[in-house]
Amino acid sequence: MNIFTALKSDIQQTIQKLAEDKKINHMPDLSRMTTEPPRDSAHGDVASNVAMVVAGQLQMKPRDFASLLAEELQKLPSVETVEVAGPGFINLKLSNSFWYQQLRTVLLEKERYGDSDMGGGEKVNVEFVSVNPTGPMHVGHSRGAIFGDALAGLLQKAGFDVTREYYMNDAGAQVDKLARSAYLRYREAMGEDIGEIPEGYYPGDYLKPVGAYIAEKDGDKWMNVEEKDCHDYFRDIAVQKMMELIKADLDLLGIHFDVFSSERAIKESGGIEKALDILRSRHLIYKGILEKPKSAKAPEDWEPQEMTIFKSTEFGDEADRPLMRSDGTYTYFTPDIAYQYDKFSRGFKKLIMVLGADHAGYVTRLKSAVKAVTNGEADLDIKLVQMVNFTQNGQPLKMSKRAGTFVSFADLLNQIGKDVARFFMLTRKNDSQLDFDFVKVKEQSKDNPVFYVQYAHARAHSVFRHAAEMFGADILEGLEKADMTLLTDETEIALIRTLSAFPRQVELAAEANEPHRIAYYLYDLASAFHALWNKGRDDVQMRFLDEKNKELSRSRLALIMAVTYVIAAGLSIFGVVPAKEM
């Protein structure tokens, strides 16, 4: 339960009663009312602007209405004190009994705690990775893959019906080069000396097994056939084999897609013409000559040509965009429009794409195209993922698929493991650069958020093991029935407050499409837990286990168990397994 949403409902009902009792002249519009944590925790647990946004409607002064409302809110069992501050802010301090009930809720819901119905089951398509099927993935792709999967997990937690989708760019110049490269590797596998791989081809050793596969399958069938005459065959097999590599790489990270869409399939099904016909029917396409682009520095870099052009400026883009060249071929932008329409035609109105930061210039035109082709019915949010600076022993790692020299997913995970990679990639906002030091991510210190959060979970389980030895295994059963009123120290109440903030953090992160907020929250929760642990080291009265006081020990075990449930719930969004031992 989002306690701020619950308190907002309590305030709304209280105002409704004031209207029914004729203490105010009518029920005001509460759409601008907020309930949120105060900026200074000394002011209470919940702050609301309600008096300032409705007083004018009621022809009252904000502080007068706030005082009237505060008198009624004081009667709520969850409220300990109400304060009217400044021009009319209402600050609520919640009772300990309220916090004890939140603790019981965590213990009853376990890892389901924080599940929200905010999304209402709305269908969401999250497209991410979508690496060209021209070779295996390298660690440079890992951040977008992890971010996209975590975002999908976050939206599921928030109540959306999420589809994870991968778009295969299996048509175009890059795939043609892949086919020619695979053809050379086939001839090499048949014993021919192919010499040095030509410039612009893919020279990596990962294509040798493709050539060997075709050689074993077909023998010398293609040796006397021109490459252009078997191009499609080699392209299809090469794409198939590259996708097998990519899926295997993603599997190492625990990432699985619901749908794999194909650019070639959309083209062959007439999807591009269908999308263009829609734009034509809305008079959004014309024939014309665009102005010389800024990138064309010399006259020979640009030649004016009549093209088929999309009126993207009508939807906020800085320039209209070409769809078809004078020779009748599509620009790279056109199949992307068709693909977005394909998603919309499958029932998705909420679309999310995860792209590398090098696609920043592509955002506005694609959002414009989605507005146009769906008549404004679909919303596209493009999340740009900044590059990761990978280093090891202070030396940067260089990656290039064409050069055939790169660090693979397997290399990354063999060094640090899936869970560390996934969590660490989410410790910064997606559009901020991330420094990933292969040594630092394994450090056991507070400065390493991955270790710090996992250590909190493992520490808690060490307490459970000790408790079972001290009192017997049944000490951990039915902890939701423990006497929570024995938790009276402010550090304990503060930890419950932090636990209770999780549902709100899930909803805020999902609303903003920002899973890194969950990583920040988990770090704060771990900090609160470690602070309580350290307090017990300095003060014997604050230790989690007291052999002479079983009931107090059960109460504190209930609090610790709740911490493990919330950490596990947060880590599950990221696809990370919580550690029980370290």
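User: What makes the largest nonpolar core, with its 148 residues, a core?

Analyst: A nonpolar core is a set of buried Ala, Val, Leu, Ile, Met, Phe, Trp, Tyr and Cys residues joined through side-chain atoms within 4.5 Å. Buried means under 20% relative accessible area, with a 1.4 Å probe and protein chains only. In the largest such set, Leu250 and Phe436 have the most contacts inside the core. Its largest share, 14 residues, comes from helix α19 (residues 550-574). Another core, of 32 residues, lies apart from it and includes Leu279, Leu284, Ile285 and Phe348.

This is a predicted model, in which local features need pLDDT of at least 70 and side-chain atom pairs pLDDT 80 or more, while totals for chains, interfaces and linings use all residues. Residues are numbered from 1 along each chain as its sequence is written, and side-chain values use heavy atoms, without hydrogens or water.

User: Which residues does Phe436 touch?

Analyst: Contact means heavy atoms within 4.5 Å. Leaving out residues up to four places away in sequence, the partners of Phe436 include Val388, Phe390, Leu412, Ile416, Phe424, Met425 and Val441.

User: Why is Asp45 called buried?

Analyst: Its relative accessible area is 10%, and the limit is under 20%, so the word applies. Asp45 sits in the loop between β1 (35-36) and β2 (46-48). Beyond its neighbours within four places in sequence, its contacts include Phe4, Trp99 and Arg497.

User: What makes the approach of Asp45 to Arg497 a polar contact?

Analyst: A polar contact is a pair of N or O atoms within 3.5 Å; within protein, one must be able to donate a hydrogen and the other to accept it, and residues adjacent in sequence count only if both atoms are side-chain atoms. The side chains of Asp45 and Arg497 are joined at 2.8 Å, so the distance falls within 3.5 Å. The side chain of Asp45 also reaches the backbone nitrogen of Leu94, at 2.7 Å.

User: Why is α12 called a helix, and how many of its residues are buried?

Analyst: A helix is a DSSP run of H or I of at least four residues, and a strand a run of E of at least two, numbered from the N terminus.

Conventions
Buried < 20%, exposed > 50% of the residue type's maximum accessible area, 1.4 Å probe, protein only.
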